[in-house]
Amino acid sequence: MIYSTVLKAALLAAAAQAAVIPSSSPSGLRVRQIGNGQDVVTWDKYSFYVDGERVMIYSGEVHPFRNPVQDLHLDILQKVKALGFNAVSVYIHWGLVEYERGKFNWDGVFDLQPFFDAAKAAGLWVIVRPGPYINGESTGGGLPGWGVRVEGQWRNSNANYTAAWEPYISSVGKIIAKNQITKGGPVILTQPENEYSAFMYPDGSLNPDEDLLYEKQLLDAFADAGIEVPTFCNDAWIGGHFLSVDVYGYDNYPAGFDCLNPITSWPDPPDYFYSSHNDVAPNTPNLIAEFQGGSFDSWGGTTFEQCYKDLGPEMVRVYNKNTYASATHLLNIYMMYGGTNWGHLSHPGGYSSYDYAAAIAEDRTLREKYYELKLQANFLMVSPAYLTSVPVDVRNLATNGSNITITELWDEVGKNQRFYILRQTKVQEFTNSKFKVDVQTSAGQITVPQLGNAVYSLPAQDSKILITDYPAGPVDILYSTLEVLTWKVIDGKTVIILYGNTGESGETAILTKTSYKVDVRSGKSSTVSSKQTSTSLTLQFVVGEQTVVALGDDILLYVVDRVNAYNFWVPDVNLKKDLPVIIKAGYLLRTATFSGNTLALTGDTNGTTVFEVIAPKSVQAYTWNGGSLDVSLTRWETQEGRYRTKTPRVDMPDLARVKWKYINSLPEISGNYDDSKWVTADNTYTPNPTKPTTPVILYASDYGFHSGNILWRGHFTASGGENLFNLTIQGGNAFGYSIWDNDKYLGSFAGSAVPSADNGSYVLTEWIKGSSHVITILQDHMGLEQSWFGGQENFKLSRGLSDYSFGGATPILKHWKVTGNLGGEKFVDWARGGLNEGGLFAVRKGYHLPGLDDSLWASKSPLKGVTGPGVEFYRATFDLNIPDGVDYPMSVDIGSSATLALRVEIYVNGWQFGKYIGNIGPQKSFPVPQGILNYKGENTIALSLWSLEDNGAALESIDLVLRSQLEGGVGTVKNSVAPDFEERPGAY
Ligand code: GAL
């Protein structure tokens, strides 16, 4: 993992430095014609067309598998839609749905249909990326655990691998196929593989050639499954790989993944994207399949709150606008909503939260970055000329202490409009640059701003888009230094919303022969000045909260500062794009529907919300979440109303005080423990490329165990005098283990953020000749590694022992036993999936599930904890009664001393929703969504507490925390259906 991450970073850096010269393009392997026989999704060199209409595809990445509550998909998708975006992109995790080879689980929380249906209901297209390999900081990068036993290279045309993935692509492909837009569904594009950009020989050395046969096999398999919408690829840089797809694409993470160092570590935005894209794929749109929307974080990392400090709205201003400067016409933000690595979904480099510091936080609340994205997306969606614009000039303006880079885009098709993207040349520029700028217009070259002594102002970590010859309906904007949020023609009047930073001056000129009275209806008239000529009207504003200027009955201009701009929403009314409504609301506007003369609005509020509705006069009434919304006419003839949010108080249980029951969850170290039902680890051959030195194979995946805790028991007869047990053991980053000789504790390896293996030596005593000893090892399995390189077998890196030996004397091995989750790949809990459980005694028995009668268990709180080294299992129940019509996300927050070697797995109603490691961190707050938590009735929380401390370990705190209180929400959220406890036959 470390190796591949470092190597990947090096490759990316080298590629960036070389300004990315494409590798020679493979030819002759195009397997399907452009359009694939369908004409719904097509493209030319500028952009895609859907149903014949040229479209900007602005998409956000969400992973359905990281949200096991089907009814919450609509919440996320409505939030994506409300940004002005028109698509979502998803990965599908193969390993999760084919946990046992040949048996697919597309039921319950793994069913993809509710997600597709929710996307359709929200009015979003879906881009599907089913792998087989996805990466995505997920266990195995999407590859299945059983794959570890499939010999040879993965992610190339090795026949064993082909036989492994074909059934999956056929199975998932059919589900995708029936949801294609050509069949009335939302799916418009698909991506085979992911970042198929760097390759390895079997010995791990770099292979310069991609496997063209594998690419063809994948495309054929997609087609065979009935996929007819276009395919695209996601090259890890503009390297010209996988060119046999329909449309070439690549990804980019310009700010890197360094959450510790603030903005000061950001590189300057690159200028090369467009020309590199053109060198590689001149006939297809510039497609960025993943563009940085936040960052992952790893064990021992900084927390996502810290990541967000560095990767907030500024990042969107600097870097996203730079992708527009590269004429990017499909842009997918990775991640828009990260979700949770519930049930051991993470690769070893990540923890339970996959929040990603994304615009929509793990608990589904909205961050400021969300609102910044909304400003940009809305602008692009009303600027069709952007879709045929390309960069024609990049120049530097270095005067008066300013160092500005200006990219000029020109509309090659309409031949009139220009977009100027202005940014600080140096991200590290911390001054507010003030300057004048020359722009080309139909009225010749103009230096703007023109009026008075005004200057253009560009603060640090900001970028702006300046437009010329921009038609807002019938209004010809000659230029505007204020940015356009949106515009619409409503009842024959053109409403244009412009924004800037508070206190800046901004100038907008329109071409008109009419002599307008500049009528300031809202805001201070002293902040508006103007100059009328026979052909134009130039208006200059000092940006305040909200200034509204009426120009006759023709034009209504809003000039708002950024914070007020955030409150504007442009809903697709009745899911139709061009219905004339703009709404100022608060936190979230989800939907807008006309029925008769009533405009029904839904959304979420916090605090008092001021509504302003700009809609046709024919609208007689407004409703908000079903209740009537009282409005009054503003001086500029829009409707204004006020809404006071009602967020009822609720009783939260005090988890420190509820009745906790517990049992010992390590019976394995007691003298008479019977492990006869365990799997006997007696394989003497492993297909794994890394061969161990042990007499029998002690790799967990060779016996079907791929997650959670793994237990090993070696049975020996002493030769007499054994005094040392040495082992080499692997578990993945941040893993730990504890080890016993019969019931005698030998010690623990508490782990730290990086080591994924340990060489340990433990002192043995009393190994008297002929005596029986069982060496019991409890280890953490942190997930399977990702295999980022084509042909790489990294995901096969073992979890278990690769070597052991004794000092003093060598005992006689009787046998080794192993267990992980009950049943291994033939797992018990079909509803929660194969990855949800680990190998601890209590979990094997199903004691983490609700409905168990634990009345005979002893009482003890996890705040008292375990007295020595060992594992205890705690359970408690509590009730919730959360009213309807609100969204109250919650988390289980736990704390212990930062040096305490304590490992906790948190189960809520049987779902593994958190893994806490006291001495490594950083996660202490574990969001658990409604639907996993039962918001109307009883809940069961279960914790395994594994103390790796000689003197025991306990939690210092445990709380169920209300993270935010919003009125509104997505509506009914049903609990994810999964079985309660039942006696498990054969459980040991
Ligand atoms: C990309 C990769 C994604 C994800 C991302 C980092 O390179 O395609 O799957 O791993 O990096 O979050």
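How many nonpolar, polar and charged residues does the shell around the ligand have, by class? The structure examined here is a predicted model, in which local features need a pLDDT of at least 70 and side-chain atom pairs count only at pLDDT 80 or more, whereas totals for chains, interfaces and linings use all residues. Residues are numbered from 1 along each chain as its sequence is written, and side-chain values use heavy atoms, with hydrogens and water left out.

The ligand is surrounded by 17 residues, of which Y91, N135, E137, E195 and Y356 are the closest; a residue is counted as near a molecule or strand if one of its heavy atoms lies within 4 Å of it. By class, this shell has eight nonpolar, four polar and five charged residues, where Ala, Val, Leu, Ile, Met, Phe, Trp, Tyr, Cys and Pro count as nonpolar, Asp, Glu, Lys and Arg as charged, and the others, Gly among them, as polar. A polar side-chain atom of E137 lies 2.5 Å from an oxygen atom of the ligand, a polar side-chain atom of N194 lies 2.9 Å from an oxygen atom of the ligand, and an N or O atom in the side chain of D251 is 3.5 Å from a ligand oxygen atom. Of the 310 Å² of accessible area that the ligand has on its own, the protein covers 98%; accessible areas come from the Shrake-Rupley method with a 1.4 Å probe, and for residues only the protein chains shown count as cover.

Residue E193 is placed in the loop between β7 (187-192) and β8 (199-200), with strands (E, at least two residues) and helices (H or I, at least four) being DSSP runs numbered from the N terminus. The relative accessible area of E193 is 1%, and the residue is therefore buried, a term that means under 20% relative accessible area, while exposed means over 50% and partly exposed in between (1.4 Å probe, protein chains only). The side chain of E193 is joined to that of R155 by a polar contact of 2.8 Å and to that of Y214 by one of 2.6 Å. A polar contact is a pair of N or O atoms within 3.5 Å; within protein, one must be able to donate a hydrogen and the other to accept it, and residues adjacent in sequence count only if both atoms are side-chain atoms.

T819, found in strand β49 (residues 812-819), is likewise classed as buried because its relative accessible area is 0%. Its side chain makes a polar contact of 2.7 Å with the side chain of Y988. By contrast, T684, in the loop between β40 (679-680) and β41 (698-699), counts as exposed because its relative accessibility is 65%. Leaving aside neighbours within four places in sequence, T684 is in contact (heavy atoms within 4.5 Å) with P695 and I697.

Strands β17 (residues 437-441) and β18 (residues 444-448) pair in the antiparallel sense over five bridges, two strands being paired if DSSP finds at least two bridges between them. A hairpin of two residues joins β17 to β18, and T441 stands opposite G444 in β18. Elsewhere, four strands form an open sheet in the order β32-β33-β35-β36, with mixed pairing; β32 (588-595) and β36 (627-628) are the edge strands, each pairing on one side only. Strand β35 (residues 621-624) pairs with β36 in the antiparallel sense over two bridges, and G627 in β36 is the bridge partner of W624.
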